Amino acid sequence: MAETGLRLALFGGVYSNHLALDATLADAARFGADATWCLGDVGGFGPHPDHSLERLRAAGVPTLRGNYDASIGEALDDCGCGYADPLDQQYAQRSYDYTLARTSSAHRAWLRALPEHARFTAGERRVLLTHGSPRRVNEFLWDSACSDAFLEWLCDAYEADVLACTHTGLHWHRALPSGRHVINVGAIGRPANDGRTDVWYAALELGADVTVTFRPVSYDHESLAREMEEEALPAEFVETIRTGWWTTCLENLPSRERRRGKF
Amino acid sequence: MSQVLPAFTASRTTADVPRQPFAHLDELWIQVAGTLCNLSCTHCFVSCGPGDARHALMTRAEVAARVAEALPLGVRECYFTGGEPFLHPDLLDILEDTLPHTPCTVLTNGTLFTAARVAALAELGERSRYSLEIRVSLDAPTAPEHDAFRGAGSFERALAGVRALTDAGLVPIVTVTETTGEDPLVLRRRVVAALEAAGVRRARIKLLPLFALGREVGRRGAPFAASLAGLGQDAFDATRLQCGHCRAVTSRGVFVCPLLVDEPGGRMGARLDETLKPFALAHSACVTCYATGMSCANG
């Protein structure tokens, strides 16, 4: 049997989806992950924010501080998601106010203390984990809106051979001409605007080669949808959980990603 | 957008204004059509119009050379503007040249679309691994409001352009200048309703403020004398301004941003790499950018 490399399970954007979090951690164990990381944004969108925080902390998953975590931790006025459209901002604010009001002070202190980045080496490769981008926590790195030239520059400037991020909610992987890799691990808190109710995370194997596989995770999305309804969260959010199509916060999607969705 | 209004004082000097540091070249603005336009909008910040050649059309070779300059600098995406880019006879070839290297956005008044041109754009967009964005300007949700700025009949033509692009699967962005002074959410709702009534599903909206530049100064009848003088460098938030991560090229050189291509002090050099340096925020338009936190870029 060939020697296997370091296996990493990388997920982000939990968005209070504690049921998807449980299912993801179980799947990461099946994958045989040597290490599992959460790249941030534990809260938002979903119900009962403390549930996800309790599970994440109990499982001892190393976690980065996303923009949402920074805002909740510091009790800022908004989530700092970086939406430019006023309607997107309005939806984000409803979700943020709900989450802030229901996150315990102990969890908020934990969120405040999280690191913004993580660096380590795997063999010769320098691995950098971040939330939005290495330069800005709420930067959206969309596949179709980032040139190779820009991603090569990011890897140069931030000294990474493997760069992993989240924040957009859509997963992608680019093997750059230089041989380096940029991976957006997606989000496990809501579906990937693909008409499926599954959520996605990234499974990396860092050996002689870099192998990136996106693994779909099924979970009891109907239970989550009912919890969201009981908490009077926006019906548009619940629809996304039930259908797999994004209904809000769509305005900053590039055309290629937007075309794939229903709305 | 949040409003962070510093204490403004009138000043035209660069000595006492904050300096915007340069972080990285994310957006390269290419004024491909120069100042040539088929419309003469009363609020045009570059005063473009028919026959206007103050900034000439850029040739296909000139654009390719600028993109080649920008790629080693790590440029993230390119924006094509004017004037009206679809007056450029080689625009489709230029997009064909550029799209393999970076995402591209074209800013248009939407009045010059033919069926063949829309089909060619759709085919280009479908074939490219990067996004091709088409942004159509709509200054208000009704013909009388919009045409007051852009001329009789321009609203219906722009709306037809948005519909044709949408029908072809391009999902255009409708750029709405905030000409009406109403609450952004109300304006947005009215624009979406107008687009949906016109059969445009999935309307994508980007709101932009008016800038007291070019012909808009004359429309207002009074200069906008605000300045960032007095806002100390320590109090200055360098993340609010697009000139920390963009440059604009025209046939006449490299400019700090797409707004100041026709303003004193806007030109920063001949080559891109020599312009990646701090910029003194001495222009009144810098106040609008700073106060609104706006960016000409998508999103």
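Predicted model: local features only at pLDDT ≥ 70, side-chain atom pairs only at ≥ 80, totals over all residues.
B:Arg202 is partly exposed, since 15 other C-beta atoms sit within 10 Å of it.

**Backbone spots worth a look**
- B:Arg202 has a phi near 60 degrees, which is a positive value in a residue other than glycine.
- You'll find B:Arg202 in the loop that runs between α6 and β7 of chain B.
- A:Ala232 also has a positive phi, near 60 degrees, and this residue isn't glycine either.
- Look for A:Ala232 in the loop between α7 (221–230) and α8 (235–243) of chain A.
- A:Ala232 counts as exposed because it has 10 C-beta neighbours inside 10 Å, and the cut-off for exposed is 12 or fewer.
- Over in chain B, the peptide bond from B:Gly82 to B:Gly83 is cis, with omega near 10 degrees.
- B:Gly83 belongs to the loop between β3 (77–80) and α2 of chain B.

**Helix pair in chain A**
- Helix α1 (residues 18–31) and helix α2 (residues 49–59) of chain A have axes that come within 8 Å and cross at roughly 20 degrees.
- Since angles under 35 degrees count as roughly parallel, that makes α1(A) roughly parallel to α2(A).
- The crossing of α1(A) and α2(A) is right-handed.
- On the α1(A) side, the contact uses A:His18, A:Leu21, A:Asp22 and A:Leu25, while α2(A) brings A:His51, A:Ser52, A:Arg55, A:Leu56 and A:Ala59.
- Sorted by class, the contact of α1(A) with α2(A) has four nonpolar, three polar and two charged residues.

**Helix pair in chain B**
- In chain B, the axes of helix α1 (residues 60–70) and helix α2 (residues 91–98) come within 10 Å, crossing at roughly 25 degrees.
- That angle makes α1(B) roughly parallel to α2(B).
- The handedness of the crossing of α1(B) and α2(B) is right-handed.
- B:Arg60, B:Val63, B:Ala64 and B:Val67 of α1(B) make the contact with B:Asp93, B:Ile94, B:Asp97 and B:Thr98 of α2(B).
- The class breakdown for α1(B) with α2(B) is four nonpolar, one polar and three charged residues.

- As background, nonpolar side chains tend to be buried together in soluble globular proteins.
- Here, the largest nonpolar core has 156 residues, and those with the most contacts inside it are A:Leu10, A:Ala164, B:Ile30 and B:Val174.
- Strand β8 (residues 199–206) of chain A gives the largest share of this core, seven residues.
- Setting aside neighbours within four places in sequence, B:Ile30 is in contact with B:Met58, B:Val63, B:Arg66, B:Cys78, B:Tyr79, B:Phe80 and B:Val249.
- There's a second, separate core of 10 residues, which includes A:Tyr68, A:Tyr83, A:Tyr96 and A:Leu100.

**Where chain B meets chain A**
- Contacts between the chains involve 23 residues of chain B and 22 residues of chain A.
- On the chain B side, the elements that give two or more residues are β5 (132–137), α6 (184–197) and β7 (204–208).
- The largest share of that side comes from α6(B), with three residues.
- The side of chain B that touches chain A divides into 10 nonpolar, seven polar and six charged residues.

Note on methods: Residues numbered from 1 in each chain as written. Chains lettered and ligands numbered in written order. Axes fitted to C-alpha atoms, helices over the stretch in contact; angles between N-to-C directions. Helix = DSSP H or I, 4+ residues; strand = E, 2+ residues; numbered from the N terminus. Parallel < 35°, antiparallel > 145°, perpendicular 65-115°, else oblique. Left-handed = near helix turned anticlockwise from the far one by under 90°. Contact = placed C-beta atoms within 7 Å. Nonpolar A, V, L, I, M, F, W, Y, C, P; charged D, E, K, R; others polar. Core = buried A, V, L, I, M, F, W, Y, C linked by C-beta atoms within 7 Å. Buried ≥ 20, exposed ≤ 12 C-beta atoms within 10 Å, placed from the backbone.
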